[in-house]
Every structure is written in C-alpha cells, then in structure tokens.
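Please keep the 3D view open as you go through the points.

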Amino acid sequence: MIETRNICVFAGSSSGARDEYSTVAKVLGRELAAKDCGLVYGGGRVGLMGALADEALAHGVNVVGVIPKHLFAKEVAHRGLSDLRVVSSMQERKTLMGDLSHGFIALPGGLGTLEELFEVLSWAQLGIHTKPCGILNVGGYYNFLLDFLDHSVSEQFLGSVHKSLLMIENEPSILLDRLIT
C-alpha cells in the first residue's frame with residue numbers, strides 16, 4: 001500500500017487584496033485531490049487557509065489542521081477537518097506540521113507564512129530534513145522576496161545552492177508535480 005504524501009501548505013489567514021489568491025488556493029485544493037495528496041495546514045477556517053481547506057475537503061482530501069490552543073480559543077479553528085490537532089504553542093505547531101509532511105508550499109500570506117516558509121527552508125539548509133519546499137507565486141506576489149533572495153546570494157549571505165532548495169512556480173499542478181516526484 002502506498003502511503004499518502006502529505007503536503008504542508010502555509011497560507012494567509014486573510015484572503016488578500018485580489019480574488020486571484022483565493023482562486024489559486026482552491027485550485028491547489030483540487031490538485032491535491034487529483035494527485036492523491038493529503039493536506040497539512042495551520043487549521044484555520046478563514047482567509048486563504050479556509051478556502052484551501054474547504055476546497056480540498058470538498059474533493060475528498062484528508063485534511064489535517066494543526067492549531068495552537070490560543071487561536072483555537074479565538075474560534076478561528078476549522079471544525080470540519082478530517083483531523084484537527086490542538087497544540088500548546090506556535091513552535092509545537094510548526095514541528096508537528098513538519099513531521100506530518102512530505103513537502104511544503106507557501107501560498108501568499110503575511111509574517112506567519114513567511115516565518116513558516118523560512119523555518120522549513122532553514123531546516124533544509126541545515127540538513128534537518130530533505131523535504132522539498134516551494135512557493136506558489138500567485139500573480140507575482142513573491143517577486144520582491146525572490147529579488148531579495150537573489151540579492152542575498154550576490155551579497156554572499158546565502159549560497160546559490162541553498163537558494164536552489166526553493167522551487168518557484170506559478171501553477172499549482174506544476175509545483176505539486178515537482179514536489180511529489
């Protein structure tokens with residue numbers, strides 16, 4: 001029996017300024033189903049997180065949410081998931097999400113999304129894991145960040161080999177194919 005490949009997706013608790021962000025989050029939810037992948041994410045019912053989870057659930061994806069108890073208490077937890085795990089801290093959340101996942105994708109998001117992405121990239125750089133990491137660059141959302149990473153390479157604070165640990169795609173199906181093959 002083949003084990004389900006769980007993809008961890010970091011995403012905003014906001015829907016953002018453009019409808020395109022939610023549209024692509026939903027496409028990613030359908031693509032996870034089409035490629036027989038499970039979803040691990042932050043457990044929220046709002047923003048891009050909620051749109052992704054709802055679409056994935058609607059298409060039969062096993063969806064695991066991991067949420068700290070302080071956010072659960074604020075009633076932002078998605079109560080309709082396949083599995084909702086309530087943890088004591090943000091650090092425990094990230095560790096469990098990493099342990100449950102075979103790869104990572106960042107959708108558009110704010111500081112939390114960036115922090116989660118950079119933590120798993122740092123883990124990869126340090127050899128803590130060898131799981132693939134990717135950005136879904138919806139509508140060029142991450143262009144300035146990618147320019148900054150190029151600048152970090154040119155200023156010799158980031159090796160090009162470590163920058164290459166990050167897969168960058170605009171289309172959910174292409175990024176998922178790269179992550180799972």
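Which helices each supply at least two residues of the lining of the largest pocket?

1. Helix H4 (90–100) and helix H5 (111–125) each supply at least two residues of that lining. The largest share, four residues, comes from H5. Helices (H or I, at least four residues) and strands (E, at least two) are DSSP runs, numbered from the N terminus.

2. A word on what you are viewing: this is a predicted model, where local features need pLDDT of at least 70 and side-chain atom pairs count only at pLDDT 80 or more, while totals for chains, interfaces and linings use all residues. Residues are numbered from 1 along each chain as its sequence is written, and side-chain values use heavy atoms, with hydrogens and water left out.

3. The largest pocket holds about 280 Å³ of space. It has 18 lining residues, and the closest to its centre are Ala 11, Ser 13, Met 49, Leu 71 and Arg 93. On a 1 Å grid over the protein atoms alone, a pocket is an open set of points where a 1.4 Å probe fits, with protein on both sides within 12 Å along at least five of seven lines; lining residues have an atom within 4 Å of a point. The volume is the space filled by probe spheres set on the points.

4. Now look at the sheet, which is open and has seven strands in the order E4-E3-E2-E1-E5-E6-E7, with parallel pairing. Strand E4 (83–87) and strand E7 (166–169) are the edges, each pairing on one side only. Two strands pair if DSSP finds at least two bridges between them. Strand E3 (residues 63–68) is joined to E4 by five bridges, and Gly 65 stands opposite Leu 84 in E4.

5. Do find the aromatic cluster formed by Tyr 21, Tyr 141 and Tyr 142. Rings of Phe, Tyr and Trp (its six-membered ring) pair if their centres lie within 6.5 Å; planes under 30 degrees apart count as stacked, over 60 as edge-to-face and the rest as tilted. The structure holds three aromatic pairs. In one of them, the ring centres of Tyr 21 and Tyr 141 are 5.7 Å apart and the planes stand at 80 degrees, so this pair is edge-to-face. Because Tyr 21 lies in helix H1 (residues 19–34) and Tyr 141 in the loop between E6 and helix H6 (143–154), the pair ties together parts 120 residues apart in sequence.
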